[in-house]
Amino acid sequence: MNKVAIVTGGGRGIGAATSIMLSGQGYAVCVNYLKNKAAADAVATHIIEAGGRAMVFQADVSVESEVHSLFEATRKRLGKVTHLVNNAGILYTQSVFTDISAERFQKVLNANVMSAFLCSKAFINQAEGAGAIVNVSSAAARTGAPFEYIDYATSKGAMDSMTKGLALELADRSIRVNGVRPGFIHTDMHADGGEPGRVERLAPQIPLKRGGTPEEVAQAITWLLSDEASYVTGSFIDIAGGR
Ligand code: NAP
């Protein structure tokens, strides 16, 4: 089987680690990005220099026409898409609920849930035979992220519901759908949320007493996509140091 994966937001953080790890497992990888072309190019170069197959593609995955272009370009360059990682996501500055504007709430839901909806739909419409999707949710789906990002937590809760429902709808087509729920992982995302040192600050509250690495999340994503997880669908792996 020619394994072809799209990793949304594959240029940085968890997406970058996942793109590189999937390539090591024999996947051809489309590294999608929104703004940071240099980071996506660096991931693709890394893969190609190690003997793998990769391409980069700029697309805002919350916009249907751009998702269509992403899948079309990947099919032409690498082949039919067999695996999908819905990883792209954003959060804004830590705020209490009443300080979250309607505009921000809408933007977060678009970037985090609409993107997974559109990419999953595009994936299913072109899929032939078995395949797998992994949705990158968050421990925030369980905690609700009070006083920080209830908008973000809401988007991840919605993603978990979609994972469950879609897994059941697609089971008889042998397309598996699972989720990972990372906790505090060392990536740029916390700086976007207004506190670059957030993981270090919260480490003492984490049972394992440290933040996680993007590679530790990528390990779980790669396993869920693989045939080793052939009897796993509609499931979630918490990668949150015991939180
Ligand atoms: P990150 O380093 O900030 O990377 C986010 C990636 O998403 C970037 O590559 C960005 O593209 C891409 N992106 C954002 N909006 C996009 C859009 N509309 N279209 C296409 N790409 C888009 O974040 P990360 O920490 O690796 O997060 C990856 C996923 O893990 C997210 O879904 C996040 O919610 C989840 N997560 C992270 C943590 C954590 O502690 N870090 C915890 C739980 C869950 P550009 O590079 O072009 O900007």
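Helices (H or I, at least four residues) and strands (E, at least two) are DSSP runs, numbered from the N terminus. This is a predicted model: local features need pLDDT of at least 70, side-chain atom pairs count only at pLDDT 80 or more, and totals for chains, interfaces and linings use all residues. Residues are numbered from 1 along each chain as its sequence is written, and side-chain values use heavy atoms, with hydrogens and water left out.

**View 1. The shell around the ligand.** The ligand is surrounded by 30 residues. A residue is near a molecule or strand if one of its heavy atoms lies within 4 Å of it. The closest are Lys 35, Asn 36, Asn 87, Tyr 152 and Thr 187. By class, the shell holds 13 nonpolar, 11 polar and 6 charged residues. Here Ala, Val, Leu, Ile, Met, Phe, Trp, Tyr, Cys and Pro count as nonpolar, Asp, Glu, Lys and Arg as charged, and the others, Gly among them, as polar.

**View 2. Ligand oxygens and side chains.** A polar contact is a pair of N or O atoms within 3.5 Å; within protein, one must be able to donate a hydrogen and the other to accept it, and residues adjacent in sequence count only if both atoms are side-chain atoms. For Arg 12, a side-chain N or O atom is 2.8 Å from a ligand oxygen. For Tyr 152, the distance is 2.5 Å. For His 190, it is 2.9 Å. Taken alone, the ligand exposes 900 Å², and the protein buries 96% of that. Accessible areas come from the Shrake-Rupley method with a 1.4 Å probe; for residues, only the protein chains shown count as cover. Helix H1 (13–24), strand S2 (28–33), helix H6 (150–170) and helix H7 (189–192) each give two or more residues to the shell. H7 gives the most, with 3 residues.

**View 3. Helix H6.** H6 has 21 residues. From first C-alpha to last, H6 reaches 30 Å, close to the 30 Å expected at 1.5 Å a residue. The expected span is 1.5 Å times one less than the number of residues. The buried residues of H6 include Tyr 152, Lys 156, Met 159, Asp 160 and Thr 163. Buried means under 20% relative accessible area, exposed over 50%, partly exposed in between (1.4 Å probe, protein chains only).

**View 4. Ser 137 beside Asp 160.** Ser 137 lies in the loop between strand S5 (131–136) and helix H5 (140–143). Its relative accessibility is 3%, so Ser 137 counts as buried. Its side chain makes a polar contact with the side chain of Asp 160, at 2.8 Å. Not counting residues up to four places away in sequence, Ser 137 touches Lys 156, Met 159, Asp 160, Val 180, Arg 181 and Pro 182. Contact means heavy atoms within 4.5 Å.

**View 5. Asn 178 in strand S6.** Strand S6 covers residues 175–182 and includes Asn 178. Asn 178 is buried, because its relative accessible area is 1%. Its side chain reaches the backbone oxygen of Val 232 at 2.9 Å. Beyond its neighbours within four places in sequence, Asn 178 contacts several residues, including Ile 133, Thr 163, Leu 224 and Val 232.

**View 6. Two residues with positive phi.** Most residues other than glycine have a negative phi. Ala 145 has a positive phi, near 50°. Ala 145 is found in the loop between H5 and H6, and at 7% relative accessibility it counts as buried. Lys 209 also has a positive phi, near 65°. Lys 209 lies in the loop between helix H8 (198–202) and helix H9 (214–225). At 54% relative accessibility, Lys 209 counts as exposed.
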